[in-house]
Amino acid sequence: MASMEPNGDLQRGDYEADNLRLHIVTWNVATADPPDDMSSLLLLDSPEDVDLYVIGLQEVYSGPLRFMSDVVFDDPWSYALMAALAPRQYVKVSSIRMQGLLLLLFSKLEHLPFIRDIQATYTRTGIFGYWGNKGGVSIRLSLYGHMLCFLNCHLAAHMKHAAERVFEFEYIADTQTFNCEKAERILDHRLVFWFGDLNFRIQDHGLHFVRTCISNQNYSLLWSKDQLIMMKQKEKLLQEFEEGPLDFQPTYKFDVNTDTYDSRFYRTWFAFNKKRKPAWTDRILWRLRPKALHADEQDKHGDGADAKDVKPLDEAEEYPLEIRQDLYTSNMEYSVSDHKPVTGVFTLKLKKMYTTPLVHLQAEGEWSADIDAMLLYSPLQPFPSSTWDWIGLYKVGFTSAFDYITYTWVKDDEVSIDDDAVKVYVNKEEIPVTGGKCMLGYYCNTLQCIIGISEPFQVHESKVAIEEGFLHEKISSLDQIVATENIRN
């Protein structure tokens, strides 16, 4: 595996590989609702397409009523992000929430069948480990066979707790486990991204000096007293993580709805607190797994080499993975929070371990709500199928695997099986009478993902509904929504 210099060239180019563009955002939103326009945050006007979006939020509002509604429905932030990305053919692959911590992963539609083994988990560290206001949420997956993990953290606050922040991170990294033989823990993954409101501060320097450096854009004068940079000098695990240069304004703490750093004195039970010093609390780091040792290399290293690190290098050598950071910056135009969002854009250069989906899907014949429909699916490779697998019918531009119009159970609704394909029945009552461009997606319950998608096809309007005057009481609520949208457009 090769690493890189921030904003530099990938160090190896002597093999055929694909480049995937990854866009990561971390933002402590301080319980605010999402802004109306997130185009700048997501770089939607960039000429370079993004393949994966990973959005990590902290302090999403989790009051009792809102939190309970968010359990049933998508929270406002998830909804806003899906609304911005779905029209551009991005699908929410996975998400996880632990009170105010929220992590979302979106993929370009074309990559969806090649993102597998998706799992998500969380770890609480707030108030003796029982309260979820601090901690970490993670999503792990296989991307074209490469094991990736994304960890969004909100660590302990205040200047004096730098060591506690490191302990919390190490605790999260060590205790989170996944049901995956190749990567049971976070650090077993080929590539790990660690980001969030890590809460590290700028120590020793006074408020006036820090603000003067920021005003003059002399950010490098502050780096030596950044707590995360300081802790990396003595913490072995942190040294394995890389970070681009902090060539942007510290992202905390601002007066809400302004670009002005903290201008207020704070009353506590005992006294007035000073204005908060600006700090780079919001960070994005990454770690390529260190090379495992061959047995003969272990002899050179002596007894200090852990036996569990002695692994064959075949896979890493045959399927290289490299990373380059193309952008690391804050976005100053958003002011709904006392933090500014931080964005990291990366190029992943990888050799794909597979390029064929697990399942091929297609609609058979014409589809409309006037007749029962049939679909065909063909397993192209072995996969862990189960009685809980289903095939969803989706509108083109769907937001997530569960944003289906209807679905059919693969095993329950099988009609026939031959050597090449399985035919599955779809009841006409489940097909939208308004028609439209649709797709089919095979959801594998064991892998927790869509493993095959069809080409778009046309579902025709119901002739019966048209002849009956398109009676709204005879169509589903979803069809009414679609009909309303069509009228507006």
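Asn 152 is buried, because its relative accessibility is 0% (buried means under 20% relative accessible area, exposed over 50%, partly exposed in between, with a 1.4 Å probe and protein chains only). Asn 152 belongs to strand β7, residues 146-154 (strands are DSSP runs of E, at least two residues, and helices are runs of H or I, at least four, numbered from the N terminus). The model is predicted: local features need pLDDT of at least 70, side-chain atom pairs count only at pLDDT 80 or more, and totals for chains, interfaces and linings use all residues. Residues are numbered from 1 along each chain as its sequence is written, and side-chain values use heavy atoms, without hydrogens and water.

Now the aromatic rings. The whole structure holds 27 aromatic pairs (ring centres of Phe, Tyr or the six-membered ring of Trp within 6.5 Å; planes under 30 degrees apart are stacked, over 60 edge-to-face, the rest tilted). Phe 169 and Phe 241 pair edge-to-face, at 5.5 Å between centres and 80 degrees between planes. This pair links distant parts of the chain, 72 residues apart. Phe 169 sits in helix α4, Phe 241 in the loop between α8 and β9. Phe 169 is buried at 1% relative accessible area. Phe 241 is also buried, at 1%.

Trp 390 and Tyr 407 have ring centres 5.8 Å apart and planes at 55 degrees, so their pair is tilted. Trp 390 lies in strand β17 and Tyr 407 in strand β18, 17 residues apart. Trp 390 is buried at 7%. Tyr 407 is partly exposed at 36%.
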